[in-house]
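Work through the exercises below with the model in view, and try each task before reading its solution.

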Amino acid sequence: MEDRLVRLAVPQDYSFEHALGYLQRNESECLHQVEDRTVYKALRIGNETALLAIEEGNGSLTLRFLNGSPSAALQEEAVSFVREWLDLDSRLEDFYALSARDPVLQPVAEQYRGLRLVGVPSLLEALCWTVIGQQINLSFAYTLKKRLVETFGDSLVHQGRQYMLFPGADRLAAVSREELQALKFSRFKAETLLAVARLIAEKELSKEQLLQMGDFRLAEERLMEVRGIGPWTAQYASMRCLRNPDAFPLTDVGLHHAIRMRLGQTAKPSLPQVEAMGRAWQPWRAYATFYLWRTLY
């Protein structure tokens with residue numbers, strides 16, 4: 001049994017409580033489940049699939065493999081995935097120091113101290129999720145994602161419960177536009193999702209390629225070469241997948257709403273106002289954004 005359990009070190013100020021708050025923010029989430037303060041997630045690594053259970057331990061997190069003892073390679077990849085997903089390796093002392101001097105961020109950072117930027121390690125999933133969320137409310141975005149995953153994804157069944165896996169690039173690339181439109185995707189979003197899946201399936205676009213550019217700005221520009229991916233989508237993917245701590249989705253409606261609430265205004269802030277605030281948050285604009293989003297749920 002012991003080889004099915006791994007303990008993960010966490011930063012001193014890490015808050016699993018705040019991570020759970022984020023992971024449970026929408027009941028339609030289909031790619032992980034939270035029950036009794038345990039996070040369950042199916043994960044495919046190569047030809048192997050693992051069912052992970054993540055819990056809080058004594059100053060650490062406990063990662064259990066529920067569907068059998070993992071190979072050494074699977075265990076290593078699963079640990080790496082969880083550390084990236086839950087942002088366990090970031091040091092936020094400088095972000096908190098910056099926040100302490102900022103009247104908008106200070107109370108938010110204090111209230112949610114220990115919150116980490118929960119990511120989307122898969123580039124395909126990150127881009128699909130971001131495209132799905134373009135110009136619709138969050139609730140409908142989750143509904144569309146659930147339809148996509150349940151229709152084209154795989155699943156793992158353990159003790160009578162089903163755990164879903166996001167469809168791979170090859171599977172999604174083989175889907176027709178009409179099949180996506182039948183799930184209530186717009187024609188434009190369907191075409192963008194298929195373009196992304198085909199680029200990734202054909203190895204013309206990958207997370208590794210983007211990171212090897214060594215410049216997040218160049219990586220975002222590469223993403224925007226794909227029809228249907230604009231600045232907001234590229235910046236969101238840069239934040240959640242590429243781990244750019246200074247990614248800043250300037251036009252994000254949720255960010256504007258959070259700022260409006262923090263300032264006690266009735267009107268949403270102007271783009272120049274948001275841009276000016278963002279300059280004060282450099283080089284931590286992604287974390288500033290994520291913390292402000294947290295005030296909305």
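**Exercise 1: aromatic pairs**

Phenylalanine 95 is buried, with a relative accessible area of 1%, where buried means under 20% relative accessible area, exposed over 50% and partly exposed in between, computed with a 1.4 Å probe and protein chains only. The model is predicted, so local features need pLDDT of at least 70 and side-chain atom pairs count only at pLDDT 80 or more, while totals for chains, interfaces and linings use all residues. Residues are numbered from 1 along each chain as its sequence is written, and side-chain values use heavy atoms, with hydrogens and water left out.

Task: find how the rings of phenylalanine 95 and tryptophan 284 are arranged, and which parts of the chain the pair ties together.

Solution. Begin with the rule that rings of Phe, Tyr and Trp (its six-membered ring) pair if their centres lie within 6.5 Å, and that planes under 30 degrees apart count as stacked, over 60 as edge-to-face and the rest as tilted. A search of the whole structure finds 15 aromatic pairs. For phenylalanine 95 and tryptophan 284 the ring centres are 6.2 Å apart and the planes stand at 50°, so this pair is tilted. Next, phenylalanine 95 belongs to helix H3 (residues 93-100) and tryptophan 284 to the loop between helix H14 (271-281) and H15, so the pair ties together parts 189 residues apart in sequence; helices here are DSSP runs (H or I, at least four residues) and strands likewise (E, at least two), numbered from the N terminus. Finally, tryptophan 284 counts as buried at 14% relative accessibility.

**Exercise 2: a pair of tyrosines**

Task: classify the pair of tyrosine 96 and tyrosine 291 from its ring centres and planes.

Solution. The centres of the two rings, tyrosine 96 and tyrosine 291, lie 6.3 Å apart with planes at 80°, so the pair is edge-to-face. This pair links distant parts of the chain, since tyrosine 96 is in helix H3 and tyrosine 291 in helix H15, 195 residues apart. Tyrosine 96 is buried at a relative accessible area of 6%, and tyrosine 291 is buried at 1%.

**Exercise 3: tyrosine 297**

Task: locate tyrosine 297 in the chain and decide whether it is buried, partly exposed or exposed.

Solution. Tyrosine 297 is placed in the segment after helix H15 (285-294). With 34% relative accessibility, tyrosine 297 counts as partly exposed. One aromatic cluster is formed by Tyr22, Trp232, Tyr236, Phe290, Trp293 and Tyr297.
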